[in-house]
Amino acid sequence: MKSLSVVTVTLLFLAPALTFGQITYQTAPNAEQKKTLLLRDFHPRTMMHASAHTVERAKFPVIDVHQHVDDARGIGDRIAVAKLIEIMDRTNVQKMVILTGMWGEKLQKVLDELVKPHPDRFIVFTQIDWSKIDDPNFSQLMVAQLDDAVARGARGLKVLKDLGLEVRDKSGKLVAVDDPRLDPIWAECGRLGIPVAIHVTDPEAFFQPLDGNNERYEELMENPSWSFYGPKFPTKESILAARDRMFAKHPNTKFIALHVANWPENLDYVSALLDRLPNVSVEFAAREAELGRQPRRAREFFIKYQDRIMFGTDFTPEQEMYRNHFRWLETADEYFDYWGYPGQGRWKIYGMELPDAVLEKVYHLNAEKLLAEFRGLPSKTR
Ligand SMILES: [Zn+2]
């Protein structure tokens, strides 16, 4: 009301004379005080009559490169293998990559349960054992653990977001993503021909104050440990800079920068990263919401980097979850819920209607190409 024009003031003054019945044309003077509905009680139902297409099966076979279902670490839900295969067959998901396979006997168990009976449907990645970070032979121990995991059947290395945000050595300092103790591990992955799927930092809003300006306020209230705001944490930019230095230092290793290199809010940044480093590709797990709210920019990104983007979800595999992603990629539907709405924020998404040639690469060709670089251990001299 600060910028009331003379005309408006005049109208307000004359208003009673211009009013017929109940309808008035000025805002209620006490409106701000009356807006007391709690955010948790606000669930507006859209009145949009927008077209809605169901995509039962993906147009091309899919490799979901970001799964945790039935994993070794207990991040994902437990679903019986037969049931999983049924969901996959119904939705045209050809393969799943279970990222959190751990190592040793725990890894073996996942391989035995999933890969042994269904070698064409599941792939399992191994992980780094951070509990050994203070061992003077940490690097060699991890290289040996990696070789053992690959000999057992692991086909990639997964790094969780604890690197850069939580993993500390005995000095009490965070282990940087480009810490030289890790170099032999990245180099070994390059020799083995296995990709490193690495999650570094998190959404930009997780590094912002948790207040009424935070677009992920409700999500952070539900998951307070996901807030990395404050002096205890390095900035998002500095952690990503360390990651990108590490990528550049290992040109012979292939990296999957998970969650759209964890900056889908800033596709200019991700584009510059992909332009600069040919050994890096991305997948979009749990970032449908981020990409779906910028459909024109995202479509341009998918077309330009069609050889560098893979399909990943990070969600419990359900038919409707996959169908929601297919709708986003394949149709031009407008203003619909991303999977998990409103968990990440109160906005809707728009379909990208990607061309077939791009869809096929994103759905499976890019992942197949990357996984086909597997060389394994040199036959015998370990
Ligand atoms: Zn994940």
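## Basis

This is a predicted model: local features need pLDDT of at least 70, side-chain atom pairs count only at pLDDT 80 or more, and totals for chains, interfaces and linings use all residues. Residues are numbered from 1 along each chain as its sequence is written, and side-chain values use heavy atoms, without hydrogens and water.

## Zinc site

His66 (NE2), His68 (NE2) and Asp314 (OD) coordinate the zinc ion at 1.9 to 2.6 Å. Donors are N, O and S atoms within 2.8 Å of the metal (3.2 Å for Na, K and Ca); water is not among the atoms, so sites may look incomplete. His66 sits in strand S1 and Asp314 in the loop between S9 and H13, 248 residues apart. Helices (H or I, at least four residues) and strands (E, at least two) are DSSP runs, numbered from the N terminus.

His66 is buried, at 1% relative accessibility. Asp314 is partly exposed, at 27%. Buried means under 20% relative accessible area, exposed over 50%, partly exposed in between (1.4 Å probe, protein chains only).

## Sheet

Three strands form an open sheet in the order S1-S2-S3, with parallel pairing. Pairing requires at least two DSSP bridges between two strands. S1 and S3 (122–124) are the edge strands. S2 (residues 93–98) and S3 share three bridges. Ile98 stands opposite Val124 in S3.
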